Amino acid sequence: MSSNSTKVFIARLLGLDVFDPLGDRLGRLRDVVVISRLATKPAQCVGVVVEVPGKRRVFVPMTRIQAMESGQIICTGLVNMRRFQQRGAEIMVAAELFDRRVVFEDGSGNAVVEDIGLARERNGDWIISDYYVRRGQPAGGLLGLRRGRGEKLLVPWDAIVHTALHEPQAASTYVAAHDEMKPADFADALHEMNLKRRVEVASELQDERLADVLQEMPDDEQVQIISALDMERAADVLEEMDPDDAADLLGELSEDTKHALLELMEPEDARDVRRLLSYPEGTAGSMMTPVPVILSPEATVAEALASVRREELSPALASTVFVTRPPLETPTGRYLGAVHIQALLRTPPPESLGNILDSDVEPIDDMAKVAEVARTLASYNLTSLAVVNDDGRLVGAVTVDDVLDHLLPDDWRTHDDHPDDAVGPDAAAASDGTAPPPLNGGSHG
C-alpha cells in the first residue's frame, strides 16, 4: 500500500477505476465493506465491492488493495469473480451508512452521515477513523456545543453513536454519489441491498430516473418498490416507463391495484398500457412498443432523421421508421412499409420516404407467438419489426430486446454463469487445478 494513502474518504472513492498492477482495468469501485467490532474499537474495513464488465459486482479484500490514490485504485493478485453476497456481519458503507442518523456521544444532538474516512493502522488494517456529518437539531451537549442546524463537522469515530438499523433512513447522499450510473448498473446496486434500504434509495430517485431503473430490475423487486410508493407517485412513475414495461409491471399486481393505478395515470399513457394488457401473454401484441417512429410516405428523409435522433428512443427503435397512411398514431392507417436507418443515411435529405420503402419484410400479426417473432427477426437480421392487426393497421413494433426479455430466464439479470472465474496477473497460476485462495478468510471465496 502506498505510504501516502494513509487516510481516504469513501465518497471520493466511489466510481473510481480499479486496476491490476499491469495497468489493466478490472472495473469500478461501487462500495466499501466494513464489519463492526467491540464498542471500544472502530469498525474495520475488510474489502471493496467492484463492478466488473457484465455488471457483476465482486468482492476484493483489503489485503489485495495495493494503493488507493486520487483517481485510481490498484489491486494485486488473484480476484475471485463470484458475485458479491453480503454476509450477516458485513455493512456496505455507501448503501447503508451514508444518510444514516447518528447521535453525538456528548449529548449535543444528532446528525446525518455524509461521508466516512478510512485510515490505515500500523499493522496494515484499515479502519473507520472519522465521520463527516451534517448536524441536526442541536440539544445542548455536555460541552455546551449549541451549533446551528445543518452545520457540517468532521468528528472521530467514537464521537457518535449509531441509531437502530431499522430506523427510517434518507438516501440523498447515496443517490447523489451514484448519479452517473447507468440505470442497469443502479438496478444491480439496488439488488444487492436489503428490502428496507432498496425501497428507501429507490424512493429518493426522481420519477424519470426511477422509471428507467425499474425497467432493469427483476419483476419481484419492481413490485416491491412500486408497492411501497403512494398511489399517486406510483402512477407518475408508471407514466415515465415504456408502455410495454409498465404493462408488464402492472400485470404482476393485484387486479384492484392495477385498475386503481390505471385510473390515476394520464389518459393517453393509460390507453397505451391498457391496449398492451388486452393481449394474451407471450404474443407480439403483449410485448410490443405501441409508440415507434411513424411517419407518412410524404415525409422527407430529413424529417425521418430528426425523428430518430430523439434521446428517449432506444437504439433498436431508432433503427427503423415505419410508414403508414394517416392517422399516424397507433392503430394507424394502412401499413405501407419500413425505412431503415442505413437507407436514410444513404439518401438525399429532400427525398420522400414513400420512394425508399422496404416492403419485402412482411409485418408480424399482433397475435403471433414469441417464437414466430424471434424467427422473423433472426431470418431477416432485423432489430425491430412492425406489428399489425387484422385490418393491416400498425399497432406497434417489437424489438429484439423485447424478445430477449421473454426468451431469457426470469433471473437473467442476477444470474451468474461462471461464478468461479478469476482474473488478475496470477490467474494463470490457478488454472492448474489448484483452487484460488479464499477471499477475506473464506467469507467470499
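Student: How close do the axes of helix α10 and helix α11 come, and at what angle do they cross?

Tutor: This is a predicted model. In it, α10 spans residues 255-264 and α11 spans residues 267-277. Their axes come within 9 Å, and the crossing angle is roughly 150 degrees.

Student: How are α10 and α11 oriented to each other?

Tutor: An angle over 145 degrees counts as roughly antiparallel. α10 and α11 are therefore roughly antiparallel.

Student: Which hand does the crossing of α10 and α11 have?

Tutor: That crossing is left-handed.

Student: Which residues make the contact?

Tutor: From α10 there are Lys-258, Leu-262 and Glu-263. From α11 there are Ala-270, Val-273, Arg-274 and Leu-277. Sorted by class, the contact of α10 with α11 holds four nonpolar and three charged residues, with no polar ones.

Student: Now another pair. At what angle do the axes of α4 and α5 cross?

Tutor: Helix α4 covers residues 183-191 and helix α5 covers residues 195-204; their axes cross at roughly 150 degrees and come within 9 Å. The reading by angle makes α4 roughly antiparallel to α5.

Student: Which residues of α4 and α5 meet?

Tutor: On the α4 side they are Phe-186, Leu-190 and His-191, and on the α5 side Arg-198, Val-201 and Ala-202. By class, the contact of α4 with α5 has four nonpolar residues, one polar and one charged.

Student: Turning to the backbone, is the peptide bond from Pro-326 to Pro-327 cis or trans?

Tutor: Omega is the angle to read. For the bond from Pro-326 to Pro-327 omega is near 0 degrees, and the bond is cis. Pro-327 sits in the loop between β16 (320-324) and β17 (335-340).

Student: What is omega for the bond from Thr-330 to Pro-331?

Tutor: Omega there is near -5 degrees, and this peptide bond is cis. Pro-331 also lies in the loop between β16 and β17.

Student: Is Asp-99 buried or exposed?

Tutor: Under 20% relative accessible area counts as buried. Asp-99 is at 4%, so Asp-99 counts as buried.

Student: And what is phi of Asn-381?

Tutor: Phi of Asn-381 is near 55 degrees, again a positive value in a residue other than glycine. Asn-381 is in the loop between α16 (370-379) and β19 (384-388). With 71% relative accessibility, Asn-381 counts as exposed.

Technical notes:
Residues are numbered from 1 along each chain as its sequence is written. This is a predicted model: local features need pLDDT of at least 70, side-chain atom pairs count only at pLDDT 80 or more; totals for chains, interfaces and linings use all residues. Side-chain values use heavy atoms; hydrogens and water are left out. Axes are lines fitted to C-alpha atoms, for helices over the stretch in contact, and angles run from 0 to 180 degrees between N-to-C directions. Helices (H or I, at least four residues) and strands (E, at least two) are DSSP runs, numbered from the N terminus. Angles under 35 degrees count as roughly parallel, over 145 as roughly antiparallel, 65 to 115 as roughly perpendicular and the rest as oblique. A crossing is left-handed if the near helix is turned anticlockwise from the far one by less than a right angle, and right-handed if clockwise. Contact means heavy atoms within 4.5 Å. Ala, Val, Leu, Ile, Met, Phe, Trp, Tyr, Cys and Pro count as nonpolar, Asp, Glu, Lys and Arg as charged, and the others, Gly among them, as polar. Buried means under 20% relative accessible area, exposed over 50%, partly exposed in between (1.4 Å probe, protein chains only).
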